[in-house]
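This briefing concerns a single structural model and is intended for reading alongside the sequence and coordinates. Please consult the display below while working through the points.

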Amino acid sequence: RPETIAEFLAAGPLATVRSALAKVEVHNDEEEEWDSLKFRLCFEPSHLTAPTTELTGQAAIDAYAAAAEEPPQPPAEGELAQHRLVFQLVGGKTASQVYMLSFHTVHPDYQVHVKVGDHRMPKFASRETFHRWHPLFASLEHSASPRVRMLIRVKPDGSGPLGDMCGCC
């Protein structure tokens with residue numbers, strides 16, 4: 001909602017915001033059933049959230065748990081406050097198999113591409129950070145219906161790497 005985005009941008013560097021829950025249905029041909037993968041986008045202060053490593057499987061889950069125990073580092077004085085794009089992945093344990101996800105924004109002013117190696121992680125913090133005047137935040141602030149449009153690609157883990165769709169990542 002526009003008022004939520006305006007409140008977030010006015011709140012300062014410690015503010016966080018979350019999107020509504022989105023759902024993607026994936027057909028598992030081997031099991032002849034549909035898996036529901038749910039997620040939401042979050043913007044969290046970058047100094048409070050370290051990026052998640054590109055590990056997969058149990059190594060990724062262990063790295064996530066270890067990163068949660070490290071103390072956050074505040075930004076240096078005079079540095080632009082930034083927010084990190086974080087994906088909250090919901091319901092990953094109910095899927096019939098492990099999936100790799102690739103999120104690609106669809107907007108002419110900015111391009112963001114995030115690969116998630118294992119959908120079972122409860123949170124995936126991307127390496128991408130955004131300051132107050134980044135085109136992504138500007139498009140949210142000046143739009144009548146603020147949205148981050150994304151193309152989401154899903155591939156079962158173990159069926160080879162999730163190839164790059166674009167030439168930039």
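The model is predicted. Its chain contains 3 helices and 8 strands, and buried residues account for 37% of its 169 residues.

**Overall layout**

- Read from the N terminus, the order of elements is α-β-β-β-α-β-β-β-β-α-β.
- Of the contacts between residues at least 6 apart in sequence, 72% connect residues at least 24 apart.

**Aromatic pairs**

- The whole structure holds 6 aromatic pairs.
- One of them is formed by Phe39 and Phe103, whose arrangement is edge-to-face, with 5.1 Å from centre to centre and 70 degrees between the planes.
- This pair connects distant parts of the chain, since Phe39 belongs to strand 3 (residues 33–45) and Phe103 to strand 5 (residues 99–105), 64 residues apart.
- Phe39 and Phe103 are both buried.
- Phe43 and Phe137 form another edge-to-face aromatic pair, at 5.0 Å centre to centre and with 70 degrees between the planes.
- Here too distant parts of the chain are linked: Phe43 lies in strand 3 and Phe137 in helix 3 (residues 135–142), 94 residues apart.
- Phe43 is buried, as is Phe137.
- Phe43 and Phe137 belong to one aromatic cluster together with Phe8 and Phe130.

**Contact between helix 1 and helix 3**

- Helix 1 (residues 2–11) packs against helix 3 at an angle of about 130 degrees, and their axes lie 8 Å apart.
- On the helix 1 side the contact involves Ile5, Phe8 and Leu9, which meet Phe137, Leu140 and Glu141 of helix 3.
- By type, the residues of this contact comprise 5 nonpolar, no polar and 1 charged.

**Ser102 in strand 5**

- Ser102 is located in strand 5, the strand that also holds Phe103.
- Ser102 counts as buried because its relative accessible area is 1%, and the cut-off for buried is under 20%.
- The side chain of Ser102 makes a polar contact of 2.7 Å with the side chain of His104.

Technical notes
Residues numbered from 1 in each chain as written. Predicted model: local features only at pLDDT ≥ 70, side-chain atom pairs only at ≥ 80, totals over all residues. Heavy atoms only, no water. Phe/Tyr/Trp six-rings, centres within 6.5 Å; stacked < 30°, edge-to-face > 60°. Helix = DSSP H or I, 4+ residues; strand = E, 2+ residues; numbered from the N terminus. Buried < 20%, exposed > 50% of the residue type's maximum accessible area, 1.4 Å probe, protein only. Polar contact = N/O pair within 3.5 Å; in protein donor to acceptor, adjacent residues only side chain to side chain. Axes fitted to C-alpha atoms, helices over the stretch in contact; angles between N-to-C directions. Contact = heavy atoms within 4.5 Å. Nonpolar A, V, L, I, M, F, W, Y, C, P; charged D, E, K, R; others polar.
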